[in-house]
Amino acid sequence: MPRSSDDSSFDQLIQEHPLTLAIPPQIQLELRERGPMSSRNDDIRVTPRFRCKGPAILEWVESLSAMPRPFPASQVVVRNLSRTGFSVLMDRELFPEQMVRVYLSIATATAMVVRARRLGSRCYDIGFRIKTYQSRQ
Amino acid sequence: MTPSGLVAIHPLTLVPNYCAGTNIYIWNEKADATVKFLSSEQMVTESAFSFLLTNPSQKVFVDESSYSSYQAYLFDNLEAWLVEPRIPGILKTAVIAEYFYSQFTVGFNGKSIRSMLDSSSECCKHLEQLSQHMQVNGRDLQRVLRHDASFVTHAVNTAMYAYLIAEGISYSSEMIIEVCVGAMMHDVGKIEPGLLDGTFSGGSTNSTEWMHRVAQSHPIEGFRRMCREPGITETQLLIAYQHHEKLDGKGFPVGLTSTEIHDASKICSVANRYDGLTSEHANRHAMTRMAAFRVMNSEKNTALDSEMIQCLEAAMTQASTN
């Protein structure tokens, strides 16, 4: 379990949790892009999303009683974020309503899984809704 | 089409020497109208039953206002009928199917996930009880099930077909019940949210855009609605969540591939597909059993699991032994 942002630097956390993802080539290309994402016609999001590649640490907080499935803290890659949510690339599938804590370079957030999409055998795109957000000092 | 003020029932649920407690009507082709067949006090006679048995397409109805009496007749007698050796297998199958439709309708009308879960658990326990006394036969089942593609009909039919598959691959009794309950609940994500929280105003929700959104999001929505219900299991949640996943990874919502999909979800996918193909839809007629299996066999190993298809096909083509 990672130490909190108060007693450990973010870089240290990243070093302690090596990336185990296998990002497919087409997604690697997409990760180089920056700026606002164009929304689709059927997109029901209320706040715009921005492409924003960066490392983060994801820590399991709470699951569902029928599906406990705890996992060790893992390094993930942030793919995009908005005021209300973000998505990451991760090496495993998470399920809707599971709660996680995410350590970003600029903040710590707790968030709930809202969707998951498989991109490859060890790569899932997981979307989160932010519950709490605390900027790093 | 059902005449106004009447509810269609399955003729084979009228068990000889029992009284349904409600007027029974049949459709008279010559008169082009319904006529009273039995009054509410009359027992079903052997001759009346023989008439229904030899005219399987005969349409039978009860008064809408006394449908609850018919439900009570089913609910009160079900357990006794299931263990009664003189009652033919097809009758027991018809009774259990009608009981399922009635019981799940009660759960659905309870307007909560909890009431639907309770009613589906109750149904599946009876199905398991029935299987201790006889083998539920696919051909009988096809004959007694409704094929109108309504929410309740589809839920019950999918559970019944899932039962045949789970039994075919030798699941334990507990696992069969778990899979059947999950299959009966697999589409709860499609229910208009207002129906569950009491805010539904009765307005139209049939716009193409709304239906497309529901079609895409219902596995996630179903999982989300059920995931905190006491007693729900991982298998049941995954049935709701993964029943539109395909073996080749082209399904939704996650795009999982063959080995990543739970076996119970593969069972539900096959059961769901079969009922979809053999039901009457607004834009497509029901397919025959053989045509449905032709379609499904063309989808094996890309969308559907071949072992599960084989199991269902074997069960649906097996002649009745009861």
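Here are some worked exercises on a predicted model with chains A and B.

Local features are used only at pLDDT of at least 70 and side-chain atom pairs only at pLDDT 80 or more, while totals for chains, interfaces and linings use all residues. Residues are numbered from 1 along each chain as its sequence is written, and chains are lettered from A and ligands numbered from 1 in the order in which they are written.

**Exercise 1. Confidence**

Task: Find the mean pLDDT of chain B and the average for chain A.

Solution: 
- Start with the term: pLDDT is the predictor's confidence in each residue, from 0 to 100.
- For chain B the mean is 90, and 94% of its residues reach 70 or more.
- For chain A the average is 87, with 87% of the residues scoring at least 70.
- Strands here are DSSP runs of E with at least two residues, helices are runs of H or I with at least four residues, and both are numbered from the N terminus.
- Finally, the predictor gives the complex an ipTM of 0.88 and a pTM of 0.89.
- A reading tip: where pLDDT is low, the predicted coordinates should not be read in detail.

**Exercise 2. The sheet of chain B**

Task: Work out the strand order of the open sheet in chain B, then follow two of its pairings.

Solution: 
- Two strands pair if DSSP finds at least two bridges between them.
- Four strands of chain B follow the order S1-S4-S2-S3, with antiparallel pairing.
- At the edges are S1 (6–9) and S3 (33–38) of chain B, each pairing on one side only.
- From one strand to the next, the twist averages 40°.
- Now take S1(B) and S4(B) (residues 60–63): four bridges join these antiparallel strands, and B:Val7 stands opposite B:Val62.
- Then take S2(B) (residues 24–28) and S3(B): five bridges join this antiparallel pair, and B:Ile26 stands opposite B:Val35.
- The hairpin of S2(B) and S3(B) has four residues between the strands, and B:Asp32 takes a positive phi near 55° there.

**Exercise 3. Two helices side by side**

Task: Describe how H3(B) and H4(B) pack, using the angle and the axes.

Solution: 
- Two packed helices are described by the angle between their axes and the distance between the axes.
- The axes are lines fitted to C-alpha atoms, for helices over the stretch in contact, and angles run from 0 to 180 degrees between N-to-C directions.
- H3 (residues 89–109) and H4 (residues 113–131) of chain B pack at about 165°, with their axes 7 Å apart.
- Angles under 35 degrees count as roughly parallel, over 145 as roughly antiparallel, 65 to 115 as roughly perpendicular and the rest as oblique.
- H3(B) and H4(B) are therefore roughly antiparallel to each other.
- Among the residues in this contact are B:Phe100 and B:Phe104 of H3(B) and B:Leu127 and B:Leu130 of H4(B); contact requires C-beta atoms, placed from the backbone, within 7 Å.
- By class, the contact of H3(B) with H4(B) has 10 nonpolar, six polar and three charged residues.
- In this scheme Ala, Val, Leu, Ile, Met, Phe, Trp, Tyr, Cys and Pro count as nonpolar, Asp, Glu, Lys and Arg as charged, and the others, Gly among them, as polar.

**Exercise 4. Two partners of H11(B)**

Task: Classify how H11(B) lies against H7(B) and against H12(B).

Solution: 
- H7 (residues 173–184) and H11 (residues 263–277) of chain B have axes that come within 10 Å and cross at roughly 50°.
- H7(B) and H11(B) are therefore oblique to each other.
- B:Val179, B:Gly182 and B:Ala183 in H7(B) meet B:Ala264, B:Ile267, B:Cys268 and B:Ala271 in H11(B).
- That contact has six nonpolar, one polar and no charged residues.
- H11(B) and H12(B) (residues 289–298) pack at about 135°, with axes 9 Å apart.
- H11(B) and H12(B) are therefore also oblique to each other.
- Here B:Arg273, B:Tyr274 and B:Leu277 in H11(B) meet B:Ala292, B:Val295 and B:Met296 in H12(B).

**Exercise 5. Backbone and interface**

Solution: 
- For comparison, most residues other than glycine have a negative phi, and most peptide bonds are trans.

Note on methods: Contact = placed C-beta atoms within 7 Å.
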